[in-house]
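Thanks, everyone. I'll go through one model today, taking the interfaces and then a sheet. Please have the viewer open.

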Amino acid sequence: MKHLIDIKNLTTDDINQILARAGEFEKGIRKSNHINAHVATMFFENSTRTKMSFEMAINKLNARKYDFCAQTSSLNKGEDLYDTINNLSAIGINAVILRDSSDTLIKELSEKKYYEPISFINAGSGIAAHPTQALLDFYTMKKHFFDLANRVIVIVGDIAHSRVARSNIELLKRTGAKIRCLAPEYFVGEKIEGVEYYTDLKIAFEEADIIMALRIQKERIQEHVNFEDYIKNYQITRENLPYAAFLMHPGPINRGIEIESEVLEMQNAKTILTQARNGVFIRMAILDMLLSAQGL
Amino acid sequence: MKHLIDIKNLTTDDINQILARAGEFEKGIRKSNHINAHVATMFFENSTRTKMSFEMAINKLNARKYDFCAQTSSLNKGEDLYDTINNLSAIGINAVILRDSSDTLIKELSEKKYYEPISFINAGSGIAAHPTQALLDFYTMKKHFFDLANRVIVIVGDIAHSRVARSNIELLKRTGAKIRCLAPEYFVGEKIEGVEYYTDLKIAFEEADIIMALRIQKERIQEHVNFEDYIKNYQITRENLPYAAFLMHPGPINRGIEIESEVLEMQNAKTILTQARNGVFIRMAILDMLLSAQGL
Amino acid sequence: MKHLIDIKNLTTDDINQILARAGEFEKGIRKSNHINAHVATMFFENSTRTKMSFEMAINKLNARKYDFCAQTSSLNKGEDLYDTINNLSAIGINAVILRDSSDTLIKELSEKKYYEPISFINAGSGIAAHPTQALLDFYTMKKHFFDLANRVIVIVGDIAHSRVARSNIELLKRTGAKIRCLAPEYFVGEKIEGVEYYTDLKIAFEEADIIMALRIQKERIQEHVNFEDYIKNYQITRENLPYAAFLMHPGPINRGIEIESEVLEMQNAKTILTQARNGVFIRMAILDMLLSAQGL
């Protein structure tokens with residue numbers, strides 16, 4: 001593994017290795033020291049969880065962290081992003097954690113030539129992919145259910161604009177889980193193979209083991225959205241949430257939109273913070289593998 | 001001690017322990033290693049001294065530092081601040097150093113439930129409290145005068161909007177010091193018990209051991225202020241500064257407003273930078289105590 | 001050496017020591033540990049290479065890094081920059097790396113008195129000086145050519161606004177190199193002694209060993225510039241670049257303006273990234289010397 005761009009590029013072996021290593025970091029039985037590795041975060045979109053979690057992973061691996069700040073960089077002097085990263089590689093940055101609004105930029109960048117080897121890690125690319133989120137979600141589900149085959153997983157909300165949904169589905173399709181997408185027509189987007197689509201919450205939630213809510217991403221939605229209609233028909237509430245269901249959400253939550261605020265006080269909602277917690281171990285595992293592959 | 005929110009919440013024992021520990025850090029006879037502690041600064045108001053001083057304290061304790069940048073965080077996606085901090089706790093942040101324009105926010109946040117234990121440290125809350133500033137001022141005064149009982153301390157300037165004044169008075173009231181507040185009517189605010197109020201500089205400065213100037217905080221003043229009048233009657237000058245008085249100021253100084261610029265070249269003004277210096281030891285002591293209480 | 005302000009202030013001994021030490025850091029035969037040193041970057045102008053390179057140098061020396069962010073500092077409350085830095089010195093910052101649009105500010109600041117010793121390092125001052133860039137360029141040229149006496153070095157572009165050109169010329173004049181400046185009249189500026197001026201690219205490039213392109217700094221140019229004319233007559237292209245010439249550029253490159261984009265794929269252009277790489281060793285050497293001089 002040289003980069004982490006998309007779940008699609010990962011072999012089953014890669015995935016198993018990431019999960020195993022994350023488990024070892026969680027249990028404290030793996031210690032890695034990457035004191036000679038220099039890792040830069042490069043976030044062109046807002047972030048709290050993903051960025052802080054990567055920063056903590058870098059620190060726990062004892063690597064050196066750098067924050068590339070677009071606002072005060074030479075990109076403002078007209079420098080090409082490829083040239084910027086090529087310079088970072090020459091300066092000695094070994095890995096770049098990139099979040100950007102483009103679906104394809106990170107893939108294109110990762111295929112170019114650099115002065116020194118540099119690994120790209122996708123921290124969210126447009127509406128296309130968010131592989132570390134999918135992997136931490138997967139880790140969280142597997143820890144609870146062990147085997148996901150035949151488990152009913154309902155993904156609820158704005159599937160159309162969700163890189164989280166896309167990366168999760170990519171991963172879940174490999175497990176034999178029953179993947180349902182619940183969304184009003186205006187949030188369905190291009191239909192994905194291997195997924196069942198629902199528009200009725202009650203029917204979709206029947207026999208659900210896991211309910212994965214998505215954030216309504218106001219910043220990505222161009223169309224006019226009827227929030228009242230969405231809340232009325234698709235909000236997860238104390239009433240409609242199945243008693244034993246495992247509730248997930250990638251964060252940040254719009255309280256009172258995709259989830260009724262009081263639901264967050266329920267036992268089911270504890271998972272959401274456990275996702276955030278597990279993200280650190282997954283990101284440690286990925287960085288550890290990529291840096292080790294570079295001999296660092 | 002679980003949090004540091006306000007001087008009011010501290011026992012005399014707490015205060016003595018903070019001062020003693022700060023003294024040990026200053027002398028270099030206490031070494032603490034908090035390599036497994038993760039501390040985030042979260043500043044919603046501008047800062048140089050307080051922020052840099054906390055960053056240095058974190059480094060000297062060998063803890064890991066994180067800067068939560070509101071501008072690039074998920075707060076911009078509409079996330080609730082409590083949810084943000086709860087996620088930080090899940091990710092592994094052990095302490096949050098918060099500066100905000102609200103008088104009460106930090107207290108409210110500190111009383112909520114979190115996924116993992118997290119300590120709150122007040123780095124300035126509205127016009128209500130700035131406990132680390134008061135403690136470093138106290139430490140600076142005690143080092144010079146040893147006992148503050150019956151010492152005359154004059155606090156000059158915009159008492160009404162000053163969290164520094166409020167926290168200092170809270171602390172000084174415990175010592176038997178004679179606390180005077182010197183301010184024009186428009187800067188008096190709600191009167192505080194145990195303090196004598198003056199409007200005449202000459203009278204207030206009589207027998208003063210310590211003169212503590214406050215910053216005129218243009219950003220907090222809504223009313224029309226007559227700066228000419230203030231400068232004429234309340235500016236500290238080479239002429240009116242008592243020869244032996246110890247001059248203090250929390251910084252940043254508006255040169256030529258609360259203090260005549262040339263005064264800053266005088267021996268009396270050296271204290272002001274000593275305050276900045278001492279802030280590091282006080283903040284090390286507080287972090288050391290809070291992190292140790294968490295077993296870190 | 002107490003500060004690094006301008007090449008002019010360096011003795012030949014200083015320069016030799018910087019280069020020698022940089023070479024030792026590059027070869028890995030010098031290890032320095034400045035764990036007790038606290039170094040702040042203070043950039044009032046955009047930067048990628050210089051800032052990241054200094055950050056890496058700080059990390060590799062095991063010193064502590066601080067980023068002073070003007071936007072969230074007390075400068076916004078009206079604090080004087082000298083007062084800010086004096087406070088940083090009191091807090092314990094040992095060195096400040098400053099980039100600013102003023103030609104003279106850093107010199108003035110370095111001559112003032114501070115609470116504790118503090119070293120100033122110029123990371124670019126207006127159009128006056130960029131000494132670490134000149135030193136890394138010099139290091140890069142010396143590694144390739146060993147002796148620069150009688151070498152023909154052509155500096156091309158906007159000499160008038162270039163602090164890089166000014167610092168490089170200052171250094172090259174000491175070596176016996178033949179320094180040529182190639183620029184249209186509107187980019188010549190005040191002529192510098194010891195330099196030959198050319199307006200014809202073909203003639204200037206004759207027998208050139210090194211071609212050092214400068215960035216067209218749109219942010220510093222007040223006058224109307226005819227870019228079409230510049231590109232037509234002064235752009236470095238696959239056609240006009242002498243076969244064996246060593247091509248240099250301080251970055252960031254405006255592709256298609258000072259250099260034809262395709263030239264950057266040629267072997268000659270590899271030097272440009274090597275400059276970025278070498279910058280880390282030069283900055284390590286300078287920091288190492290300044291911090292050691294403070295006993296850190």
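Let me start with chains C and B, where 26 residues of chain C are in contact with 24 residues of chain B. Keep in mind that this is a predicted model. Together the two chains bury about 2,300 Å², and carbon and sulfur atoms give 53% of that area. On the chain C side, C:Lys77, C:Ile91 and C:Tyr115 supply 32% of the area buried against chain B, more than any other three residues.

Now the polar part. There are 2 salt bridges across the interface of chain C and chain B. In one of them, B:Arg255 meets C:Asp83, at 2.7 Å from N to O. Polar contacts link 11 residue pairs between chain C and chain B, counting pairs with both residues at pLDDT 80 or more.

Which elements of chain C each supply at least two residues to the side that touches chain B? They are strand S1 (38-43), strand S2 (64-68) and helix H3 (81-91). H3(C) gives the most, with 8 residues. By class, that side of chain C divides into 9 nonpolar, 10 polar and 7 charged residues.

Next, chains A and B. Here 24 residues of chain A are in contact with 26 residues of chain B. The buried area is about 2,300 Å², with 53% of it on carbon and sulfur atoms. In chain A, the residues that lose the most area to chain B are A:Asn46, A:Met52 and A:Leu273, together 27% of what that side buries.

The count of salt bridges between chain A and chain B is 2. One of these joins A:Arg49 to B:Glu79, with the closest N and O atoms 2.9 Å apart. The largest share, 7 residues, comes from H2(A). That side of chain A has 6 nonpolar, 8 polar and 10 charged residues.

Last, the sheet in chain A. Four strands form an open, parallel sheet in the order S2-S1-S3-S4. Strand S2 (64-68) and strand S4 (119-125) each have a single partner strand, so one side of each is left without a neighbour in the sheet. The twist averages 20° from one strand to the next.

Strand S1 (residues 38-43) pairs with S2(A) over 5 bridges, and A:Thr41 has A:Asp67 in S2(A) as its bridge partner.

Definitions and conventions. Residues are numbered from 1 along each chain as its sequence is written. Chains are lettered from A and ligands numbered from 1 in the order in which they are written. This is a predicted model: local features need pLDDT of at least 70, side-chain atom pairs count only at pLDDT 80 or more; totals for chains, interfaces and linings use all residues. Side-chain values use heavy atoms; hydrogens and water are left out. Contact means heavy atoms within 4.5 Å. Buried area is the accessible area (1.4 Å probe) that two parts lose on being put together, summed over both. A salt bridge is a side-chain nitrogen of Lys or Arg within 4 Å of a carboxyl oxygen of Asp or Glu. Ala, Val, Leu, Ile, Met, Phe, Trp, Tyr, Cys and Pro count as nonpolar, Asp, Glu, Lys and Arg as charged, and the others, Gly among them, as polar. Two strands pair if DSSP finds at least two bridges between them. Axes are lines fitted to C-alpha atoms, for helices over the stretch in contact, and angles run from 0 to 180 degrees between N-to-C directions. A polar contact is a pair of N or O atoms within 3.5 Å; within protein, one must be able to donate a hydrogen and the other to accept it, and residues adjacent in sequence count only if both atoms are side-chain atoms.
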